[in-house]
Amino acid sequence: MTERFSFELKATDGKARTGVINTPRGEIRTPAFMPVGTAATVKAMMPESVRATGADILLGNTYHLMLRPTAERIDRLGGLHKFMNWDRPILTDSGGFQVMSLAGLRKLTEKGVTFKSHIDGSKHELTPERSMEIQKLLGSDIVMCFDECPALPADRDRIAESMRLSMRWAARSKEAFGDRPGHALFGIQQGGLEADFREESAEALKEIGFDGYAVGGLAVGEGQEAMFGCLDHAPDHLPKDKPRYLMGVGKPDDIVGAVARGIDMMDCVLPSRSGRTGQVFTRRGVVNIKNARHADDPRPLDEACSCPACSNYSRAYLHHVYRSNEMISGMLLTWHNLHYFQEIMQGMRDAIGAGTFEDWQAEFHAQRAQGDI
Ligand SMILES: O=c1nc[nH]c2cc3[nH]c(NCCN4CCCCC4)nc3cc12
């Protein structure tokens, strides 16, 4: 058991990397996908089931937990790991993104943001200092700087102004975080799709110094082509010996393209949220289980998948329990999707380690039939 946080690069293949992040609560194999556990639960999953899908780390949200049940209450109850019965690493987002996407009546100043809770309308404030305090109360292993993520499209002046505010907030986050062995603080690169601002942001973050570096400000509606265009240069300016985390991504082909461009960690609600809406990701493409064509289909979702849904149930059954709005539907489809996303990650880790990532990518794309299957 290590007392420190460290990143070991094991192999590279082109720009793709594979390695291990060592933390006091266990290791994180990279490239890594983090299931999202917003309100102290990965929805429809028991923690032991999340682990069974192959996850080494999950994500929690400062914004949601500060509103309900509050960080102070979770601290009094022994911290987020004990509270949600997950003893492996947890990364927490810092709250700024969720304030801008969920909260009401927001006011943004140099100090931070004030807002009204989307739950009960109560007034709250988030600053770099308060975000660090909340993430410490939660007991997060990987803490994210408090930042501002501008909605795209935005003009260059707005993007530059927002990025520079986030860099000032990154310095305040680092100051407030202090020296916490075994815990990590990640900076978040901003700069929209602008190569010069992305480089300026990376230089500012390296000057401050972080345990890892996130690529923020993406997956905000720019589309895959623009995101990949940004990822063709944005990670290049980040330290090679530290983890790179792309926030909020994504669909399977987004994830593969990001790893090919040097990303080590990702998170997205897509596999869990889609599990609840009947959208099933498979190696041959997406299955919409609510479609009547599955009503009499005795086959599993994916013959090659070993998850409980594919091992024990037919498409006909999954179609039935989805249409009947039964709880087992969300449980089985979420488990399958998370299992499939982790299989993609394991496949990439193995391929990068073997120097066969190009072939693996070709096989990944060749299997994907167009449209619904
Ligand atoms: O720049 C960011 N800083 C802090 N947290 C973030 C979280 C983010 N999440 C996303 N995108 C989430 C996209 N996701 C796709 C599936 C449906 C729900 C939204 N971009 C982000 C940027 C940031």
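Is Thr70 buried, partly exposed or exposed, and what is its relative accessible area? I began with this residue, in a model that is predicted. Thr70 has a relative accessible area of 25%. Buried would need a value under 20% and exposed one over 50%, so Thr70 counts as partly exposed.

I then looked up where Thr70 sits. It lies in the loop between α2, residues 62-67, and α3, residues 71-76. I checked the backbone there too: Thr70 is not a glycine, yet its phi is positive, at about 85°.

Next entry: Ala44. I noted a positive phi of about 75° for Ala44, which is not a glycine either.

Next entry: cis peptide bonds. Which residue is joined to Pro31 by a cis peptide bond? I found Thr30, with omega at about 0°. Pro31 belongs to the loop between β3, residues 26-30, and β4, residues 32-34.

I also looked at Val249 and Gly250. The peptide bond joining them is cis, and I wrote down an omega of about 5°. Where is Gly250 found? I placed Gly250 in the loop that runs between β13, residues 244-246, and α10, residues 252-260.

Last entry, a recap. I have positive phi values for Thr70 and for Ala44. I have cis peptide bonds between Thr30 and Pro31 and between Val249 and Gly250.

Methods: Residues numbered from 1 in each chain as written. Predicted model: local features only at pLDDT ≥ 70, side-chain atom pairs only at ≥ 80, totals over all residues. Heavy atoms only, no water. Helix = DSSP H or I, 4+ residues; strand = E, 2+ residues; numbered from the N terminus. Buried < 20%, exposed > 50% of the residue type's maximum accessible area, 1.4 Å probe, protein only.
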